[in-house]
Amino acid sequence: MNNPVILNSGRFILLVLIQVFVFNNINLFGYINPSVYLLFLILFPVKVDRSLFIFLGFLLGITMDFFNNTGGVHAAACLMAAYARPLILKYSFGVSYEYNTLKIAQTPIGGRLSYISSMVLIHHLLVYFLEIFNLSHTFFILKTVLLSSVFTILMAVVFMILFSKKQR
């Protein structure tokens, strides 16, 4: 399974299915709903054409909107996260990203957590602000963003550890 197209297509399908059938049914305390499908955006290769990545981000979001009946909320959030990814990578990894020598699995844990957290927070802020779309509920939105983001980040790290290739 060395072909990146097959690997990323399989990752796309698998993460969407896991999100739809498992994680969409989790709603802890009325606030926490993890979004593990974001791992597709987080783990997507850095060296790929940016316009393709932005299109795939939109496709991921619109697929989630189709299954969740949310009318474009996830598409907008995934599109924003995909668009902001180069800035987040530069902020999190600096020179390694600029010279295209970056492999997420081989980066220091601090940079990796910064990258994952930034991607998740951007996505969740947009999702919940667009979903609720009422400034009088700002505290509720921020609390939901914070709690869901923490749980999503934890799940992303666990998935990355469980499914990473062992270093020899």
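**The second largest pocket**

Guide: In this predicted model, 22 residues line the second largest pocket. Nearest its centre lie N33, H74, V127, Y128 and E131. The space inside is about 270 Å³. Three helices each give at least two residues to the lining: α3 (50-68), α6 (109-132) and α7 (138-162). The largest share comes from α6, with 6 residues. By class, the lining has 13 polar residues, 8 nonpolar and 1 charged.

Next, a charged side chain. R85 sits in helix α4, which spans residues 73-93. R85 is buried, yet it has no salt bridge. The nearest side chain of opposite charge is D49, 11 Å away; a salt bridge would need a side-chain nitrogen within 4 Å of a carboxyl oxygen. What does R85 touch, leaving aside residues up to four places away in sequence? The contacts are L41, I42, F44, P45, V46, F53, Y115 and M119.

Now the backbone. Most residues other than glycine have a negative phi. N69 has a positive value, near 55 degrees. N69 lies in the loop between α3 and α4. Its relative accessibility is 74%, so N69 counts as exposed. F133 also has a positive phi, near 50 degrees. The loop between α6 and α7 holds F133. F133 counts as exposed because its relative accessibility is 69%, and the cut-off is over 50%.

How values were computed: Residues numbered from 1 in each chain as written. Predicted model: local features only at pLDDT ≥ 70, side-chain atom pairs only at ≥ 80, totals over all residues. Heavy atoms only, no water. Helix = DSSP H or I, 4+ residues; strand = E, 2+ residues; numbered from the N terminus. Buried < 20%, exposed > 50% of the residue type's maximum accessible area, 1.4 Å probe, protein only. Lys, Arg positive; Asp, Glu negative; His and termini not counted. Contact = heavy atoms within 4.5 Å. 1 Å grid on protein atoms, 1.4 Å probe; cavity = no way out; pocket = protein on both sides within 12 Å on 5 of 7 lines; lining within 4 Å. Points joined across faces, edges and corners; volume = space filled by probe spheres on them. Nonpolar A, V, L, I, M, F, W, Y, C, P; charged D, E, K, R; others polar.
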